[in-house]
Amino acid sequence: MDIRKATPGDAPAILAVTHKAFTLYHDELHADYVVGGLVETVDDILHDIAAHHVYVAELDGQIVGSIRFQKLTDDLAYIYRFGVSPDINNTGIGSRLLATVIEQCRRDKFKAIALHTNSRYYKLARYYYGKHFYVHSTSTDKGYIRALFVLELDGTDYDISPAYNK
């Protein structure tokens with residue numbers, strides 16, 4: 001398995017994996033709200049590849065997972081659209097993708113990384129707790145209870161507020 005930066009040619013495969021992963025998320029939560037990962041397009045992914053950071057996990061020549069992050073401030077990065085094909089969940093691929101982003105954020109001198117997930121999705125909450133993220137706060141601004149998870153990278157102060165409305 002290889003973790004690498006995404007290229008524009010990867011966008012259709014990233015879209016397919018994202019739709020599979022977020023369909024599982026939607027179905028397991030019986031969500032009655034729009035799940036962003038299910039309405040994005042190849043153009044959205046191409047924009048993210050050009051403007052932010054997108055990594056893919058490739059297994060036997062096929063993209064099986066992806067993760068994205070963007071710089072919110074000099075101190076704060078934000079992870080989004082993190083998903084692995086449900087066909088190979090619990091094999092460590094997601095953990096390797098997340099570790100790659102954490103390492104990159106450390107190299108880039110971010111003080112913290114933030115992300116949102118549905119607070120009712122126990123499997124994801126437990127996963128992020130296991131990776132040393134903690135729940136900073138919750139909100140209902142998207143029609144469900146979203147938890148803002150944070151991983152502090154160096155123990156110094158940072159402003160989390162730019163992540164509130166992501």
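Guide: A salt bridge is here a side-chain nitrogen of Lys or Arg within 4 Å of a carboxyl oxygen of Asp or Glu. The model is predicted. By that definition, aspartate 74 forms a salt bridge with lysine 71, because the closest N and O atoms of the pair are 2.8 Å apart. Side chains of opposite charge can pair when their charged atoms come close. The side chains of aspartate 74 and lysine 71 are also joined by a polar contact of 2.8 Å.

Aspartate 74 belongs to the loop between strand 3 and strand 4. Its relative accessibility is 56%, so aspartate 74 counts as exposed, the cut-off for that class being over 50%. When neighbours within four places in sequence are left aside, aspartate 74 is in contact with Lys109 and Phe110. The C-alpha atom of aspartate 74 is separated by 16 Å from that of valine 150, a residue 76 places away along the chain.

The structure holds 9 salt bridges, and others can be set beside this one. Arginine 4 forms a salt bridge with aspartate 10, with 2.7 Å between the closest N and O atoms. Aspartate 10 has a relative accessibility of 9% and therefore counts as buried. Arginine 68 forms a salt bridge with glutamate 40, and here the closest N and O atoms are 2.6 Å apart. Arginine 68 lies in strand 3, whereas glutamate 40 lies in the loop between helix 1 (11-29) and helix 2 (42-51), so this pair ties together parts that are 28 residues apart in sequence. Both arginine 68 and glutamate 40 are buried. A network of salt bridges links Glu40, Asp48, Arg68 and Arg81.

The largest nonpolar core has 27 residues, of which Ile67, Phe69, Ile79, Leu97, Cys105, Ile113 and Phe133 touch the most other members. Two or more residues of this core come from each of strand 2 (53-59), strand 3 (62-71), strand 4 (76-84), helix 3 (93-107), strand 5 (112-118), helix 4 (122-130) and strand 7 (146-152). Helix 3 supplies the largest share, 6 residues. As for phenylalanine 69, its contacts beyond four places in sequence include His52, His53, Tyr55, Ala77, Tyr78, Ile79 and Tyr80. Val101, Gln104, Cys105, Asp108 and Phe110 are also in contact with phenylalanine 69.

Serine 85 lies in the loop between strand 4 and helix 3. Serine 85 counts as buried because its relative accessibility is 6%, whereas aspartate 74, at 56%, is exposed. Apart from neighbours within four places in sequence, serine 85 is in contact with Val17, Lys20 and Val64.

Finally, the surface has a nonpolar feature. Tyr129, Tyr134 and Val135 form a nonpolar patch there, with about 260 Å² of accessible area together. Valine 135 lies in strand 6 (residues 134-139). Its relative accessibility is 31%, so valine 135 counts as partly exposed.

Note on methods:
Residues are numbered from 1 along each chain as its sequence is written. This is a predicted model: local features need pLDDT of at least 70, side-chain atom pairs count only at pLDDT 80 or more; totals for chains, interfaces and linings use all residues. Side-chain values use heavy atoms; hydrogens and water are left out. Patches are made of residues with over 30% relative accessible area and no salt bridge: like charges are joined within 9 Å, nonpolar side chains (Val, Leu, Ile, Met, Phe, Trp, Tyr) within 5 Å. Accessible areas come from the Shrake-Rupley method with a 1.4 Å probe; for residues, only the protein chains shown count as cover. Helices (H or I, at least four residues) and strands (E, at least two) are DSSP runs, numbered from the N terminus. Buried means under 20% relative accessible area, exposed over 50%, partly exposed in between (1.4 Å probe, protein chains only). A nonpolar core is a set of buried Ala, Val, Leu, Ile, Met, Phe, Trp, Tyr and Cys residues joined through side-chain atoms within 4.5 Å. Contact means heavy atoms within 4.5 Å. A polar contact is a pair of N or O atoms within 3.5 Å; within protein, one must be able to donate a hydrogen and the other to accept it, and residues adjacent in sequence count only if both atoms are side-chain atoms.
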